[in-house]
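Please work through each task before reading its solution.

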Amino acid sequence: MSYIIKGETGDWELVIGLEVHAQVISNAKLFSGAATAFGADANTQVSFVDAGFPGMLPTINSVCVEQAVRTGLGLKAKINKRSVFARKNYFYADLPQGYQISQFDLPIVGEGEIILDLPDGTSRTVGIERLHLEQDAGKSVHDQHPSKSFIDLNRSGVALMEIVSKPDMRTPEEAGAYLRKLRAILRYLETCDGNMDEGSMRCDVNVSVRKAGEPYRTRCEIKNVNSVRFVMQAIEIEAKRHVEVYESGGDIVQETRLFDPNRGETRSMRSKEHAHDYRYFPDPDLLPLEFDDAFVEAIRVTLPELPDEKKARFVETYGMTGYDAGVLVMEKETAAYFEEAAKGRDGKQVANWLITTLFGGLNKKGLSITESPISPAQLGQLVDLVNDNTISGRLAKDVFEIMLEEGKDPAVIVEERGMKQVTDTGAIEAACDAVIAANPDKAQDVRDGKEKLIAWFIGQVMKATQGKANPGMLQEILKKKLLG
Amino acid sequence: MTSLLDLSLAEARDGLRAKEFTAVELTDAYLGMVEKHRDLNAYITETPDLAREQAKAADAALAAGTAGAMAGIPVGIKDLFCTEGVLTTAASHILDGFKPPYESTVSANLKKAGAVMLGKLNLDEFAMGGSNQTSYYGPAKNPWKAEGSDVDLVPGGSSGGSAAAVSARMALAATGTDTGGSIRQPAAYCGITGIKPTYGRCSRFGIIAYASSLDQAGPMTRTVRDAAIMLGSMAGFDPKDSTSADVALPDFEAALTGDIRGLKVGIPQEYRPEGLDPEINALWDKGIDMLKAAGAEVVDISLPHTKYALATYYIIAPAEASSNLARYDGLRFGLRVEGKTLDEMYAKTRAAGFGEEVQRRILMGTYVLSAGYYDAYYLKAQRVRARIAEDFRNAFKTVDVILTPTAPTPAFGIGANMDDPIAMYLNDVFTVPTSLAGLPGLSVPVGLSSTGLPLGLQLIGRPFDEETVLRAGDVLEKAAGFSAVPSLVKG
């Protein structure tokens, strides 16, 4: 897949790297015992440590460490058994300590990788540069008072994993696929809920452009883009800006920019006077973070089957296409639904129902797979009813619609509404006879060679039997009766 | 009859248990002194009501037989320790009106052991200084005066209020904190005992941070035994401080056996620089002879990186301070000076709230951590710090304890050195290396200068071997027989 910006001076290629801030799933904050739940009233989940009170000291929450290691293992990354917390110093109203505790030159997780499944069926590996643990800042609210800003410290001190990719992506689609895949992995691992709309996964985008074969040019960082769609848009817009600047003889300045989706533009965020010198240094309040192999192994054995492995297994076990398997594994809930529905059945057939019918139905109703009114067992039963000829494929669609509304077992629906397929030869013959008798002219036409009209007869008999006639049998009987 | 005020902590403890007097009586005696010598400016905040209440509780506990090790002992708390509901200032304008809703672990431990808090003691602002002259609340005065002089002297610093109060019997004992000598140097200047324990021995939780990798709390008392008793109540592992050491807490008082036969005492040649006051030299020699006479073996040692210690300290400590003090921004507690923008509010608040010395150290610290200077200053200082620690490790392969002077001079006059920060920093020259190495250091008063001012010697020990330090200190103290008191106590 290639994505090229055609400029006046030739073709430009994109170079994209993403920094994702993923909020760690943990009950307590990274360095304090305060709660982390989303949506609480302002400043109700704040300890004196989070508020930067005098004499308060951070103590590491081991759950957050485990979550970072778990994520590192999920990204097939190097786990650093010794890492160091450093202070990143800057003044801001929502940063009570005047510094953020982060990791600088010795992060907890080193290089890893993510495999992207692209829509054209190809795969691409994107390198992970590092993952480090850090504290989140509080939230500034600027629109509540004409001259003052309000500060909510609930988020202050919540653990984040900053996951930095290598500049390995070349198209907006790859960036989108990277985010979706990373989110899937985090959700499988249960280390981050991945909800970008709640801010528990945030993305900074690094973009530059270059001519083929050139070394990297200057990049710009677009801060805090909060959806996959916006990330892709921001990349396109920023890359075009770079090309325009270069082609009009200008130069790109390395800077932080903000994406405005309403105006469809990026804007410079910080003026030169506020260029930050973060004065990183090891936090003297915390000892280096050290653990042994046993700690890592104890986490490794609890890792779930991850999307890539699950996908490979689905292809292998159920004989489905890589694309279908990729769709099913993207959300672990979907994969689990599928596996339950496919138990003892033809996986390919169940996958088909799931992807083409169930997804569509849920989509229409605005429901997620976990909210599906149709249980996996019920979907499986529906497939069974088709396979054992209890209902026709056509009626099965109707049964499905009723299931979606009523949540009942398919067998019950079929029974209640008399939708069972008629496989009784006598009954079908009688219905055929009646239709033929009522339409002698058309019957004659068939006999005279207009064999296409058989389809019309099938339709009429189906109508007469409310669709319950077994289609195969019906065709056979009609042909025999009309053509002899 | 001896006055209650003449009793050491150990004697007062025994007297309380023997019901010779009550904690309320003892406390009242000290509260009287707090009032009497208010002009020394040793206290920033007095808490007499709280003290009487705690004394009553201590008497009840003593009667019930449930008294802790410090039951009924009236102590002063350096105003760097957060005390729940009691104004805590760090002697800075920027903490105006700050009453912490929590208690520091060390002061909580003392409370639990039954200690009575008389009030919060003066100090250099944010513990930055060696003479208590940088306090927003004005300098504390040394109760001592040179013979025939009426010049007010500094008590040393930063724990100047603590040293002055213990020396003037305005507290039976006090807490101090020591970052580069802030317990030991004022103890020496005021003729009392003070120990900076091993880094990690006392929890830093609730102590307002100056330089986190160096700050350590310790007791300031009248005798070595008192220091041993009080340290036992202050120290201990605290899960709320990641740098607190999870090591066993020994019975420090039991370590005072009086027997140091065969103890190897190191004498570092680097602590005898050219130009060292001959009086200090002579005192040191006297101390060496005393330990020898008690059966110790004296060994000449070398701590080759000593000369870099002061420069190293004045890079690392301000670097950490510049970051530690970033939280004083006028937003959530303490002083706020409004501005038209957030940045203006920061600038105005911090300009008004911090004194000159604090601003100087914030600037130095910010500078040495800046991009382009970090490697040359901070990183290099950390490397030198490791070498200094290594010097001590090597020395302790052959000796058990090291004896040095505590400070290069006796107490000086208030106002002196204020225009010369470097001269002021030189007071820390003998105490700073111990701090950088995180080792325990004890200052014991050993003699008087020709002008009649107290002089101290310092004993330095292996990490978490306060017991040996205290044992040697106890022997040195007894041999020196230092019994002088400031004339205001006599009168």
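**Exercise 1: the contact between the chains**

The contact takes 32 residues from chain B and 24 residues from chain A, two residues being in contact if their C-beta atoms, placed from the backbone, lie within 7 Å. This is a predicted model, in which local features need pLDDT of at least 70, side-chain atom pairs count only at pLDDT 80 or more, and totals for chains, interfaces and linings use all residues. Residues are numbered from 1 along each chain as its sequence is written, and chains are lettered from A and ligands numbered from 1 in the order in which they are written.

Task: state which helix of chain B gives the most to the side that touches chain A.

Solution. Step one: α9 (309-324), α10 (342-353) and α11 (356-369) of chain B each supply at least two residues of that side; helices (H or I, at least four residues) and strands (E, at least two) are DSSP runs, numbered from the N terminus. Step two: the most comes from α9(B), with three residues.

**Exercise 2: one strand pair**

Task: identify the bridge partner of Val265(B) in β9(B).

Solution. Step one: β7 (residues 264-268) and β9 (residues 401-405) of chain B run parallel, joined by two bridges. Step two: Val265(B) is partnered by Val401(B).

Key:
Pairing = 2+ DSSP bridges.
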